[in-house]
Amino acid sequence: MDVFSQKNLLKVYQELKLGKLNTGLDRLSRKNFDKSIDDSINIIKRKITDSTYEFTPYKEILLLKGKDKLPRVISIPTIRDKIVLKILGIELKKIWGISSNLQETIESISEQIKSNKYKYFLKMDVSGYYSSIPHDLLINALSLKIRDANVLELIIKAVKTQTYSTTSTKNDRETSDITKGIPQGISISNGLGYAYLKEFDTLHKRKRKYKYFRYVDDILVLCENETEGAKIQNIIEKELQTKYILSLGDGKEEKGLIDNGISFLGYKFNSDGRIEISKKNISRLEVNIETLFHEFINSSDKRIRGNTELIKWKIDLKICGIIKNKKTYGWVYYFRRNENTALMHRLDDFILKMIARFHLEKSLLTSDGKYKGKKFVNMFYEIKNKGKLSDKITNVDNYSTLQKREILKKVCKRNADTFTDVYVDIEFNKFIFKSIHEIEYDLQQQYM
């Protein structure tokens, strides 16, 4: 099958359109791209076929990581390049058998702790992982498994495409070839990060004396004792340096007895294998919720300030997330592995405290003092016992035009009665994608 056939290019674009399509450095919007869609697809196909396809430099977006931390540079491709990169990402997943396995990793760690085979842990961080991967070694690793010359050539070009801010000029832009680093934020980033250390991962997962886990740049090892841990760390450090030109984060390693608990990927693993959400992330979520109340009081936007329907909408999304285009966004599956019910009660109580502190009892509480919206505890039991959230999650895929219009009127304070049905869909989708962006940003902070 020709993955770059006109039919497949168009199919991938239609799928991308279901999400939010940010503009790249060319500033070409989805609306304008649609006006010449047939020509654009034909050009992509022709240039890939004759090996003349080039990626436009990526647009730079800075993602804040917290106080005293440098921001993460995110690369935003043009819409045209997004289509090609999406196909390349799909091909990488097929070739390497990549799946989204965070929850599987969490479950596996818990099971190994419960086995009582290991008493000691070692946690390491690959320093600047994405930005440090050497292109020559990455290309060598890719060449061993990618048989399609077009796919390999395009991946190399995508990796070597540079990222610039919207204020940069042609004179500011470097013309020299870059030799290391994978742009973050494009569809192939995670696949390439997985592929580069695949051989390394396989080697250490086969070891019988210890258990090895890696998620992006975070490594966890479970072993017998401190002496074994020191040996394993030394081996891993040397292999990464000599074979992969990578280094471990200086002073970032953590080690100790499993009996004292392990914090990894935003979770806390107790000595008996029980999983909790880390206290740091519970506190972070509380800060995010408190911020909603401050916006309600202090925002300069009249549609936000004093809008009780909007703050209730946002609180409920924090609790249960949202389904859009059959995909679930939010904290739902992050909470799924939690085994500490008290934390869920703590979050529900925190919402009640915020409501009282900001004097919103009349608007957000029932006559018997309960929050009118959704509850962390109910969500927790639903997902633990049934494996799904049924009616407790906001599924906007099922919303009628009438429901969308009502959301725009009540939650967004828009004069939606004057909107055509088509315009209702457009404005509703804008609001939903903004809501998704906010809750996904919250989640990104959990693994930093």
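Predicted model: local features only at pLDDT ≥ 70, side-chain atom pairs only at ≥ 80, totals over all residues.
**Helices 4 and 8**

Two packed helices are described by the angle between their axes and the distance between the axes. Here the axes of helix 4 and helix 8, the latter spanning residues 149–160, come within 11 Å and cross at roughly 120°. On the side of helix 4, the residues that take part are V84, L85, L88, E91 and L92, and they meet V151, L154, I155 and A158 of helix 8.

In soluble globular proteins, nonpolar side chains tend to be buried together. The largest nonpolar core of the model holds 59 residues, of which F4, L88, L142, I155 and V221 touch the most other members. Helix 4, which runs over residues 79–96, gives the most to this core, with 8 residues.

An open sheet is built from 4 strands in the order 5-6-3-7, with antiparallel pairing. Strand 5 and strand 7 stand at the edges and have a single partner strand each, so one side of each is left without a neighbour in the sheet. From one strand to the next, the twist averages 10°. The strands for which residue ranges are at hand are listed below.

| Strand | Residues |
|---|---|
| Strand 5 | 211–215 |
| Strand 6 | 218–223 |
| Strand 3 | 120–125 |
| Strand 7 | 254–257 |

Strand 3 and strand 6 pair in the antiparallel sense over 6 bridges, and within this pairing the bridge partner of K123 is L220 in strand 6.

**A buried glutamate**

E276 has its place in strand 10, residues 275–277. Because its relative accessibility is 12%, E276 counts as buried, the cut-off for that being under 20%. A polar contact of 3.4 Å joins the side chain of E276 to that of N340. Not counting residues up to four places away in sequence, E276 touches Y267, K268, N270, N338, N340 and L343.

Terms used
Residues numbered from 1 in each chain as written. Heavy atoms only, no water. Pairing = 2+ DSSP bridges. Helix = DSSP H or I, 4+ residues; strand = E, 2+ residues; numbered from the N terminus. Axes fitted to C-alpha atoms, helices over the stretch in contact; angles between N-to-C directions. Core = buried A, V, L, I, M, F, W, Y, C linked by side-chain atoms within 4.5 Å. Buried < 20%, exposed > 50% of the residue type's maximum accessible area, 1.4 Å probe, protein only. Polar contact = N/O pair within 3.5 Å; in protein donor to acceptor, adjacent residues only side chain to side chain. Contact = heavy atoms within 4.5 Å.
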